[in-house]
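Work through the exercises below with the model open in a viewer. Each task is followed by a solution in steps.

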Amino acid sequence: MRTRTLTLSAVAGAALLAVAALPASASGTTAPRSAQEGSVSAAALLAKVTSCSQISNGKYRTDDETSATIPVCGKNGAVFWKADMDVDCDGQVTSKCNADTDPWFQDDTAFHQSDGRPLRADSLPYVVVPSSSSIWKYTSSGIKGGGVVAVVYNGKVEYAVVGDTGPTKIIGEASYATANALGIDPDPETGGADSGVTYILFKNSQVSPIESHSAAVSLGDSLARQFLAAN
């Protein structure tokens with residue numbers, strides 16, 4: 001995961017506005033696979049996360065130069081936060097994710113495929129969690145590599161896995177594939193969303209193999225229905 005600065009976000013602002021007015025195909029990206037994954041709607045999930053019972057010992061920044069305003073919140077069976085989305089292209093080198101397309105590119109991820117290789121950001125929806133610190137230790141909340149995440153944005157639900165870790169003080173990042181599926185510009189340098197993204201991480205869950213998106217959707221849909229019933 002990279003540490004994106006507010007300056008970069010400001011420079012990219014005009015480009016983001018321009019891309020937002022275009023269909024996905026016009027910006028050179030693949031159109032989202034679906035406006036909705038699973039049987040649970042975005043509205044139903046969001047209705048359960050309107051208030052925050054803060055479990056983190058402090059709050060996170062969304063970028064290096066922003067204030068720390070984002071808490072990690074607890075619910076029955078899950079934790080969640082509401083933030084921006086920076087685009088992570090780390091992992092396997094591909095035509096979309098490499099040192100030329102991404103100034104912050106790293107050829108590894110914290111968690112690996114079943115064959116030992118890093119995850120592939122341009123095809124696997126995954127979410128980045130902050131590395132453990134005095135603010136919050138994700139493992140203490142039952143969150144682990146391969147855990148299921150419901151990412152909600154603009155009326156859409158995308159199921160992802162916990163695939164990478166990032167800076168200890170910054171939150172709000174997901175893979176190229178996650179952004180693309182939600183209709184967010186997936187360009188790792190100029191893309192992303194400034195706000196409005198909700199991340200719901202289901203406790204004690206794990207997709208096996210981690211690289212199976214269909215398994216993430218199946219398990220995620222089941223856990224989402226349990227989440228609605230328990231909250």
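Burial follows relative accessible area: buried means under 20%, exposed over 50%, and partly exposed in between (1.4 Å probe, protein chains only). The model is predicted: local features need pLDDT of at least 70, side-chain atom pairs count only at pLDDT 80 or more, and totals for chains, interfaces and linings use all residues. Residues are numbered from 1 along each chain as its sequence is written, and side-chain values use heavy atoms, with hydrogens and water left out.

**Exercise 1. Disulfides**

Task: Find the disulfides, taking a disulfide as a pair of cysteine sulfur atoms within 2.5 Å. Then describe the handedness and surroundings of each link.

Solution: 

Step 1. Apply the cut-off. The count comes to two disulfides.

Step 2. Take Cys52 and Cys73. Their S to S distance is 2.0 Å. The torsion about the S-S bond is about -100°, so this disulfide is left-handed.

Step 3. Helices (H or I, at least four residues) and strands (E, at least two) are DSSP runs, numbered from the N terminus. Cys52 sits in the loop between helix 2 (42-47) and strand 1 (73-75), and Cys73 in strand 1, so the bond ties together parts that are 21 residues apart in sequence.

Step 4. Cys52 has a relative accessible area of 39%, so it is partly exposed. Cys73 has 4% and therefore counts as buried.

Step 5. Turn to Cys89 and Cys97. Their sulfur atoms are 1.9 Å apart. The angle about the S-S bond is -60°, and the link is left-handed. Both Cys89 and Cys97 are buried.

Step 6. Write the pattern. Counting bonded cysteines along the chain gives 1-2, 3-4.

**Exercise 2. Aromatic pairs**

Task: Classify the ring pairs. Rings of Phe, Tyr and Trp (its six-membered ring) pair if their centres lie within 6.5 Å; planes under 30 degrees apart count as stacked, over 60 as edge-to-face and the rest as tilted.

Solution: 

Step 1. Count. The rule gives three aromatic pairs.

Step 2. Take Trp81 and Trp136. The centres are 5.8 Å apart and the planes make 75°, an edge-to-face pair. Trp81 lies in strand 2 (residues 78-88), and Trp136 in the loop between strand 3 (126-130) and strand 4 (148-153).

Step 3. Take Phe202 and Phe227. This pair is edge-to-face as well, with 6.0 Å centre to centre and 75° between the planes. Phe202 belongs to strand 7 (residues 193-202) and Phe227 to helix 4 (residues 213-230), 25 residues apart. Phe202 and Phe227 are both buried.

Step 4. Look for a cluster. Ring pairs link Trp81, Trp136 and Tyr199.

**Exercise 3. Strand pairing**

Task: Which strands pair with strand 7, and in what sense? Two strands pair if DSSP finds at least two bridges between them.

Solution: 

Step 1. Start with strand 2. It pairs with strand 7 in the antiparallel sense over seven bridges. Lys82 stands opposite Thr198 of strand 7.

Step 2. Go on to strand 4. Its pairing with strand 7 is antiparallel, over four bridges. Val152 stands opposite Thr198, and Val151 opposite Tyr199.

Step 3. Follow strand 4 to strand 5 (residues 156-166). These two pair in the antiparallel sense over six bridges. Val152 has Val157 as its bridge partner in strand 5. The two strands form a hairpin with two residues between them, and Asn154 in the turn has a positive phi of about 50°.

Step 4. Seven of the ten residues of strand 7 are buried, so the rest of the structure largely encloses it. Five of the six residues of strand 4 are buried, so strand 4 is also largely enclosed.

**Exercise 4. The setting of Ser141**

Task: Is Ser141 buried or exposed? Which residues does Ser141 touch?

Solution: 

Step 1. Locate Ser141. It lies in the loop between strand 3 and strand 4.

Step 2. Read the accessibility. The relative accessible area is 13%, so Ser141 is buried.

Step 3. Find the polar partner. A polar contact is a pair of N or O atoms within 3.5 Å; within protein, one must be able to donate a hydrogen and the other to accept it, and residues adjacent in sequence count only if both atoms are side-chain atoms. The side chain of Ser141 makes such a contact with the side chain of Trp136, at 2.9 Å.

Step 4. List the neighbours. With contact meaning heavy atoms within 4.5 Å, Ser141 touches Ile55, Val79, Trp136 and Lys203, leaving out residues up to four places away in sequence.
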